[in-house]
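Hi,

Here is the structure I promised to pass on. My notes on its cores and pockets follow below.

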Amino acid sequence: MIKKKIRDAFNEQIMHETYSAYLYLSIVAYFHSLGFDGMAQWMRVQAMEEMTHAMKFFDHINERGGTVELLAIEKPLAKWKTPLDAFKAALKHEEFITGKINELAKLVQRENDYASQSLIQWFVDEQVEEEANATKNVQMLEMVGKSGNGILMVDRELGTRTFTMPLPVSGEGG
Ligand code: FEO
């Protein structure tokens, strides 16, 4: 059975991960409004991945006999100055999420919750990749600067990203 303290913290993280999806979807809408469909595709995949992150916490709470309680989601920003600005906002948000995961890592260690430690270790590793990807996008756009051709190349490159739906948790599906 999951401890109440950990369940509450995981419920809160479901909110943060869902907000990540919401923020990134807002950036998708912004990119589409500028005609950058490739950047929008990249960020759309990112938003879907964030929902799979939220579901990892959701499933973990359920599997350990806890009850999921969904919290309110804040309204995200709808506009940025430039695509570079939007990618910088995404990077800043990932750094915030890494801080949240590190707090959870301390909590589950303090509480000797080994099952949760295994879950959180996955997120610790994932955040390294999340920050690296977000940084790469910022660097690419910084490198091309105001070059229209450069920005279109970045748009084409980011448009190749695809999403793979993870397998359902054990006990569900076929
Ligand atoms: Fe779920 Fe991008 O961190």
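**Cores and pockets**

The largest nonpolar core has 25 residues, and Tyr24, Ile27, Phe31, Met39, Met43, Phe87 and Leu158 touch the most other members. By such a core I mean buried Ala, Val, Leu, Ile, Met, Phe, Trp, Tyr and Cys residues joined through side-chain atoms within 4.5 Å, where buried is under 20% relative accessible area with a 1.4 Å probe, protein chains only. α1 gives the largest share, seven residues. Helices are DSSP runs of H or I, at least four residues, numbered from the N terminus.

This is a predicted model, so local features need pLDDT of at least 70 and side-chain atom pairs 80 or more, while totals for chains, interfaces and linings use all residues. Numbering starts from 1 along each chain as its sequence is written, and side-chain values use heavy atoms, without hydrogens and water.

Beyond its neighbours within four places in sequence, Met39 has contacts (heavy atoms within 4.5 Å) with Phe31, Pro83, Phe87, Leu141, Ile151, Asp155 and Leu158. A second, separate core of 17 residues includes Ile2, Ile61, Ile101 and Val108.

Now the pockets. A pocket is an open set of points on a 1 Å grid over the protein atoms alone, where a 1.4 Å probe fits, with protein on both sides within 12 Å along at least five of seven lines; lining residues have an atom within 4 Å of a point. Of the 20 residues lining the largest pocket, Thr52, Met55, Lys56, Pro166 and Leu167 are closest to its centre. α2 gives the most to this lining, nine residues.

Best wishes

Note on methods: Buried < 20%, exposed > 50% of the residue type's maximum accessible area, 1.4 Å probe, protein only. Helix = DSSP H or I, 4+ residues; strand = E, 2+ residues; numbered from the N terminus.
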